[in-house]
Amino acid sequence: MTSAPAPDTSAHTPVMRQYLQLKARHPDMLLFYRMGDFYELFYEDAEKAARLLDITLTRRGQSAGQPIPMAGVPFHAIEPYLARLVRLGESAVICEQVGDPATAKGPVERAVSRIVTPGTLTDASLLDDRAESLLLAIGAEGEQLGLAWLNLASGDLRAQACRRGDLASHLERLRPAEILVPDGARDLVPDGRIPVKRLPEWHFDPTEAARLLAEHLGTRDLAAFLPDGDVGNLASAVGAAGALMHYARSTQLQALGHVTGLLVERPGSFLRLDAATRRNLEITETLRGEAAPTLLSLLDCCVSAMGARWLRHALHHPLADRREAASRHRAVDALLADPDGLADLRATLRGCADFERIAARIALGSARPRELAALREGIGRLPQMAGLLVRSGADSLSVLAEDLAVPGGCAAELARALAEEPAAQVRDGGVIADGFSPELDELRGVQANCGQFLLDLEARERTRTGVPSLKVEFNKVHGFYIEITHAHTDKVPLDYRRRQTLKNAERYITPELKAFEDKALSANDRALALERALYDDLMVRLAPAIPDLQRIGRALALADGLAAFAETARRRDWRAPEFRAEAGLEIEAGRHPVVEAQVDDFIANDLRLGATRRMLLVTGPNMGGKSTYMRQAALIVLLAHCGSFVPAQACRLGPLDAIYTRIGASDDLASGRSTFMVEMTEAAAILHAATERSLVLMDEIGRGTSTFDGLALAFAIARHLVERNRALTLFSTHYFELTRMSHDYPECANVHLDAVEHGRRIVFLHAVEEGPASQSYGIQVAALAGIPGTVVREAKRRLAELENRQVAAEGQPDLFSAAPAPPPEAEVRHPALDALRDLDPDALTPRQAQEALYRLLELAKE
């Protein structure tokens, strides 16, 4: 960790000198300094913590002639405060007392025991058990970037090279909790919602990083982990991985034994989804930043935390390898074919121990007793789960069953050493099983016999003294004592020594009781110390099983995720997609999975794209369902490539390499970009990246500028997509002129969503039909939105005037209007007609309506 220059502490008190020396090693983190039963923060840390955690800020004592600002939290309640800090993007250092206060001649010796940062969390109380917490490092070499990310809670370390322009997409995909960058790369990641830690540039040196990683992985070099056996163009990624490992080890204060490999992701492993597409499709977060309703919230019926994390990862990483996706489809089909087996599998998985994270905590020495008990219970379930997977008959599930092989040594150690129902913390005792250690059993025997000894002693002393109310008791402050009320103090024997005086009684100690106290208290302390040592030794003996536990965790996560796919398909009548070699996308009766779950009656629609039908020009009214129709196509493709069934009666997909979307309207004021600029930037990215195997959604492009500018841009963009990119495209528009592209380009076809007017209301049909729309219904939608009636009527009058006027050279026509009607012979003007036009009957009371009628009659008579 980066240290600040050592401060001059000569004028401070000894305790403050110790604190300031520790603080100088961690200047950018909050230092929690253990003092008795509290963790205290001082000076600027105290002021910051008081503001962030809403705790009391006080000033007590003096050091260097100045009052000391301080704030504190109880030592036993620190976890909720750490969780709040982490959510705010802050980091903290925990400093414990490691010396003995009884023998210390100055301040008790203290040392850093734990460093907590947003990207290096492993404790269950600080982590979201259904989401990953990633630490990302970014190395830079010109326009080429190297990414490395570590899930410390599972030990998964990965790396990838990418272009600088693709960084935003990767950040949206990975959603890291903390980012590490070289100190010189100031503009690499904009300051924002993700905490950024700047490290010295030498931490990112590829040569030193390769040496550090090889040493950690126990290999001569990294050849076994790199695609071509050589660092090559992955130099910046290797440098990032080295910086990441150095930082993670410094926060954990130990080696990371559960990080056993480095996986380099190839660029073509997954369908490409840019940052805008991930946001627009609302995969794991709505456009408003909420967790529901999203695709993940709909699908996440996983019964284990491991499965929920796998599902989140799978939805952001649709497979480019169609064979692997099809293998998942077959597994889901096999699970659906045996409903009882599916129910049994999910019941067995429900509440299963989090093998991945417990394995990591074993490696870091932080696993808690009840986590090990849950692990022992989970290991006991593995044979049953393996049998259910084999019973399905799917090859991929049988392979998973093999990965659930029970690690025999681990199971035996847990069964022999761990108590049946251990305490929550080792410090509470009762963690190691009876019979495991004869020495511990003997010490526990002393404690177990303590109660009987006290009862016997109390009976003897009552007989000896003649005091029937005499009591022999214990408390943590004064230890063992004999209590006699003041009314009987004249009967106290000479060998009683006063220990404490109360209002109504005296408390005494005798030589016999003192000897027993020394033995009992010593036995308790020795038993707790021995249990701590035996527990630590148990985790050391479990360490060789960590790779097996990680393998089991991955298999259980995948099994739970596939079972969730099957359960969703069963509940919502989803069907298996079919991959084909021919280019195209055909969907029969497709539905938007999230919208369908929110409404009572969803209208399903077909979609057909192919080699001779590459672009659909989608027209129709606002709120007619154009965006939903387009998004559902993208979500169906995404689900198919994730290995899930899809919300359609049938779905046939040709080869695809990416999904791109330009949907919705939003600005980026922080970067000085208007709504139109954001729209054009996203469109430009699509035009540069899309291929003939890409699925592209363009929603009402060009609407943020003047009509003719927007129309010209929309036409040019659509033409480029057809002629150059040749991508499979859904292009929605209100520019009716664009529908004529179907005459010039056979690959273009028109479809529309219609609406009908019923009285004064508009009814959206939501059904997709061939051909272009005939009307926009913009004014009717405005009325639905609550626009005042006078405004709506004025808009209708203005629309009629525009429709009845020849389009002037400089005019802005209604692009949905039919041929203009012939102008009237002469416009009729009369005061009564003018007053009638201005009348708003919906806004009149009965009395006002009567008065208006009389006024119109008077005007008519004139």
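This is a predicted model: local features need pLDDT of at least 70, side-chain atom pairs count only at pLDDT 80 or more; totals for chains, interfaces and linings use all residues.

Trainee: Where is Thr284 found?

Mentor: Look in the loop between α7 (275-280) and α8 (295-299). Helices (H or I, at least four residues) and strands (E, at least two) are DSSP runs, numbered from the N terminus.

Trainee: And is Thr284 buried or exposed?

Mentor: Thr284 is buried, with a relative accessible area of 10%. Buried means under 20% relative accessible area, exposed over 50%, and partly exposed in between (1.4 Å probe, protein chains only).

Trainee: What is Thr284 in contact with, apart from its neighbours within four places in sequence?

Mentor: Glu290, Ala291, Thr294, Leu296, Arg312 and His316. Contact means heavy atoms within 4.5 Å.

Trainee: New topic: rings. How many aromatic pairs are there?

Mentor: The count comes to eight aromatic pairs. Rings of Phe, Tyr and Trp (its six-membered ring) pair if their centres lie within 6.5 Å; planes under 30 degrees apart count as stacked, over 60 as edge-to-face and the rest as tilted. One of the pairs is Tyr19 with Tyr33, which is edge-to-face, at 5.6 Å centre to centre and 90° between the planes.

Trainee: Which parts of the chain does that pair link?

Mentor: Distant ones: Tyr19 is in helix α1 (residues 14-25), Tyr33 is in strand β1 (residues 30-35), and they are 14 residues apart. Both Tyr19 and Tyr33 are buried.

Trainee: Why is the pair of Phe474 and Phe480 tilted?

Mentor: Their ring centres are 4.7 Å apart and their planes are at 45°, so the pair counts as tilted. Phe474 is partly exposed, at 40% relative accessibility. Phe480 is buried, at 4% relative accessible area. Ring pairs also link Phe453, Phe474, Phe480 and Phe516 into a cluster.

Trainee: Which rings does Arg34 lie over?

Mentor: Arg34 lies over the face of Tyr39, at 5.5 Å from the ring centre. Arg34 also lies over the face of Phe75, at 4.2 Å from the ring centre. A charge sits over a ring if NZ of Lys or CZ of Arg is within 6 Å of the ring centre and within 35 degrees of the ring normal.

Trainee: On to sheets. What is the order of the open sheet of seven strands?

Mentor: The order is β13-β23-β24-β25-β21-β26-β27, with mixed pairing. At the edges are β13 (272-273) and β27 (761-770), each pairing on one side only. Two strands pair if DSSP finds at least two bridges between them.

Trainee: How many bridges join β26 to β27?

Mentor: Seven, and β26 (residues 748-758) and β27 run antiparallel. Leu753 has Val768 in β27 as its bridge partner.

Trainee: Why is β25 largely enclosed by the rest of the structure?

Mentor: Five of its five residues are buried, so β25 is largely enclosed. On one side sit Leu728, Leu730 and Ser732, on the other Thr729 and Phe731, all of them buried.

Trainee: How does β25 pair?

Mentor: β21 and β25 run parallel, joined by four bridges. There, Leu617 has Phe731 in β25 as its bridge partner. β24 and β25 also run parallel, joined by five bridges. Here Leu695 has Leu728 in β25 as its partner.

Trainee: What about the open sheet of four strands: what is its order?

Mentor: β18-β22-β19-β20, again with mixed pairing. The edge strands are β18 (578-579) and β20 (605-610). Four bridges join β19 (residues 584-590) to β22 (residues 650-653), and these two run antiparallel. Glu588 has Ala650 in β22 as its bridge partner.

Conventions:
Residues are numbered from 1 along each chain as its sequence is written. Side-chain values use heavy atoms; hydrogens and water are left out.
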